[in-house]
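Have the model open as you read.

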Amino acid sequence: MTIYLDNAATTFPKPERVYQEMDSCLRNYGANPGRSGHKLALDAGRAIYKTRELVCQLFNIENPMQVIFTSNATDSLNLALKGVLRSGDHVITTSMEHNSMVRPITALEEIGVENTIVQCDEQGVLDPQKIKTAIKTNTKLIAMTHASNVTGTLMPIQEVGLIAKEQGIYFLVDGAQTAGVYDIDVQKMNIDLFAAPGHKGLLGPQGTGILYIREGIELRHMKEGGTGSKSEQLQQPEIIPDRYESGTPNTPGIVGLGAGIDFILKTGIDKIREHEEGLLKVMLDEFGNIDKLRIYGPVDPKRQTAVVSINIGDEDSSEVSYVLDKVYDIAVRSGLHCAPLAHKTIGTFEQGTIRFSMGYFNTHEEIMKVVTALKQICEELENE
Ligand SMILES: Cc1ncc(COP(=O)(O)O)c(C=O)c1O
């Protein structure tokens, strides 16, 4: 059986109930929600609403209508960034962001949106004071990740949220690496816009994502089309979430996402995090004892998510990953992980890293097998 350690890309496997609920949706009430008025369409609509409510419960969101369903975190980030920023605005971000944040921000330069990329240190750690210093009179938005997908480094979003609130600046958080594992309270943390994929820590299927929009914030919508509401109008309806959710939704996917969040709420987010932290501690301790390994990031289970990036001497990261997969049946990711600025920050832009990312369904036994495999690979490289 493959040891799957690529959960930062997408979690696998999913809780059993995710498969069951998606199967049941497709078989029993796979109608188009919000369009027709028949019983099956109403059942589909109710199932989608239930997931909106579960999202609210997890992130302490008051109004389920402020939760927009998207296809993934990239979709959510694009809607948030391009929906808020206009020509002449300034946005602040960090040097540890994923391309799903960096590329839309770069693209916005074309319409006259300025940006500042605040430099993090070699472990990917952000000093919140640097965000404060970067604020200008035209700063409209601070947009940053909650944790790096390369080093796992946790970012001080609580502190930055406070800075944003004090200065009257919108705060967008990318929860791709933390949603479902770390406590996120959009009210306590002063988060105005919260983007997350449904298919990572929220344990739903691929093709799902969410964007929370704080009440009162008006975004420019990305697309127009059928919403099932205000059908007499030729213009996009103003009401939300319809305004941002044109076209037939991914009902089975959203139902699966609901089942994933239900699993998290019933299992307890603390239990999930503690399990992942336990695995992370073992991995960091054991990797620390292997001479040729270089570990990036904080190397501290309390200051990073269950993501460990390493290199073996000067070895090509993709070759080591290939051997892990081919010889040991261990699935990891290598290279730049769609985050070139993060690799520049930690000094691995040329070599990339080998990334091990753990999830709730990994075990201690699996981690020890990985340790044995890496020790063998190091020995063989030494004997070459
Ligand atoms: C920090 C971060 N942001 C955004 C994304 C993009 O997520 P998605 O693939 O769901 O669009 C990822 C995916 O790895 C990520 O790690």
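## Two domains

Domain bounds here come from an automatic or database domain assignment. On that basis the chain splits into domain 1 (3-11 + 268-383) and domain 2 (16-267). Their C-alpha centres sit 28 Å apart. Where they touch, 30 residues come from domain 1 and 33 residues from domain 2, with a contact meaning C-beta atoms, placed from the backbone, within 7 Å.

This is a predicted model: local features need pLDDT of at least 70, side-chain atom pairs count only at pLDDT 80 or more, and totals for chains, interfaces and linings use all residues. Residues are numbered from 1 along each chain as its sequence is written.

## The chain as a whole

You'll find 11 helices and 13 strands; these are DSSP runs, helices being H or I with at least four residues and strands E with at least two, numbered from the N terminus. The C-alpha trace spans about 75 × 55 × 35 Å along its principal axes.

Among contacts between residues at least 6 apart in sequence, 70% join residues at least 24 apart. Buried residues account for 47% of the 384 residues, buried meaning 20 or more other C-beta atoms, placed from the backbone, within 10 Å of a residue's own.

## A parallel strand pair

Strand 3 (residues 90-94) and strand 4 (residues 114-118) run parallel, joined by five bridges; strands pair if DSSP finds at least two bridges between them. Ile 92 stands opposite Thr 116 in strand 4.

Terms used:
Contact = placed C-beta atoms within 7 Å. Buried ≥ 20, exposed ≤ 12 C-beta atoms within 10 Å, placed from the backbone.
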